[in-house]
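I set out the structure before the entries.

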Amino acid sequence: MPFAPLEPQLAHAPIEIAPETFLVQQIQEACGQPLFVYLNSLVIRGEEPVIVDTGTPANRRQWLEDVFSLVEPEDVRWIYLSHDDVDHSGNLEQVLDACPNATLVCSWPIVERHTNCFDFPLERCRWINDGDSLDVGDRVLAALRPPNFDSPTTRGLWDPSTGVYWAVDSFATPLTEVPAMELDGVDRDFWQFGLTLFALGAVSPWLTLVDEAKFAAHVDRIQGLGITTLACCHSPVLRGPRIDDAFAIVRGLPSADVPALPDQSVLDEIVAATATPIA
């Protein structure tokens, strides 16, 4: 597919995906193809408000405006960091500075891996591992590792009071255009291709090495939660039959063919297309 530069995307306002649960959105162009990539995070506006992941530094001003249009900084009680990748931790320092009453929910591996570029305020941290719970006043959230992931520090977040599961980088997919923030209307074949491309090429190449029975049991743990709204960083929201379809695709990833990834020829096209003409 030939590369052509695309126009930057306008800001997309937060949307309420469940009672008092908001998806904070960022959409950018994929590097190397005329595709779009989602970079989402969450705000749970309960008795003790929770920010789930902190966006990217490239979108810092808009992300901070969006989050603090939903909740006052002084009211935030919890900052849940799913893992240490920059698209999830990109505005962590700014959020901690803005939210003096917030506790950072992270883990020992996150601190160990990320401490070379961020000075963690350990007195403000709570370490939560896979399987642990977090009482946030009007609900108890559970940290549960999603089906696939690109960092060993990853913990998803399950809210049984709303049926929302934050799947972090599982179910990531590029899209050919920016639709409504739910996946209705997206071609299933392309969606399956995109989910497979991102899972095996960008997020979890280790899936081709796993024991399929053990992996299926791991997927069962999450699918059996009774999820009604599935949100993640790199996809529109999934509901209803789309959730079962997504789990079915993920279950097949260990035996799926790995799609071809952009190579040097694509990079050459990008460089040529974006080069500044010599006067």
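How many aromatic pairs does the structure hold? I looked this up and found 4 aromatic pairs. I worked on a predicted model, in which local features need pLDDT of at least 70 and side-chain atom pairs count only at pLDDT 80 or more, while totals for chains, interfaces and linings use all residues. Residues are numbered from 1 along each chain as its sequence is written, and side-chain values use heavy atoms, with hydrogens and water left out.

**Entry: aromatic pairs**

I took rings of Phe, Tyr and Trp (its six-membered ring) as paired if their centres lie within 6.5 Å; planes under 30 degrees apart count as stacked, over 60 as edge-to-face and the rest as tilted. I found Phe149 and Trp206 in a tilted pair, with 5.1 Å from centre to centre and 45° between the planes. This pair links distant parts of the chain, 57 residues apart. Phe149 sits in the loop between β11 (140-144) and β12 (156-159), and Trp206 in the loop between α5 (188-203) and α6 (212-223). Helices (H or I, at least four residues) and strands (E, at least two) are DSSP runs, numbered from the N terminus.

For accessibility I used relative accessible area: buried is under 20%, exposed over 50%, and partly exposed in between (1.4 Å probe, protein chains only). Phe149 is buried at 16%, whereas Trp206 is partly exposed at 28%.

I next looked up Phe190 and Phe193, whose ring centres are 6.2 Å apart with planes at 50°, so this pair is tilted as well. The two residues are 3 apart in helix α5 and therefore separated by about one helical turn. Phe190 is partly exposed at 22%, and Phe193 is partly exposed at 40%.

**Entry: charges over rings**

I counted a charge as over a ring if NZ of Lys or CZ of Arg is within 6 Å of the ring centre and within 35 degrees of the ring normal. Arg145 lies over the face of Phe149, 5.7 Å from the ring centre. Arg242 lies over the face of Trp191, 4.9 Å from the ring centre.

**Entry: helix α5**

At the start of α5, a side-chain oxygen of Asp187 comes to within 3.2 Å of the backbone nitrogen of Asp189.

**Entry: strands**

I traced an open sheet of 6 strands with mixed pairing, in the order β10-β11-β12-β13-β14-β15. Strands pair if DSSP finds at least two bridges between them. The edge strands β10 (133-135) and β15 each pair on one side only. Strand β14 (residues 229-231) runs antiparallel to β15 and is joined to it by 2 bridges. Thr229 stands opposite Arg239 in β15.

**Entry: nonpolar cores**

A nonpolar core is a set of buried Ala, Val, Leu, Ile, Met, Phe, Trp, Tyr and Cys residues joined through side-chain atoms within 4.5 Å. The largest has 30 residues, and those that touch the most other members include Phe171, Trp191 and Phe247. I found that β4, β11, α5, α6 and α7 each supply at least two residues of this core, with the largest share, 5 residues, coming from α7. A second, separate core of 24 residues includes Phe68, Leu92, Phe118 and Cys125.

Note on methods. A polar contact is a pair of N or O atoms within 3.5 Å; within protein, one must be able to donate a hydrogen and the other to accept it, and residues adjacent in sequence count only if both atoms are side-chain atoms.
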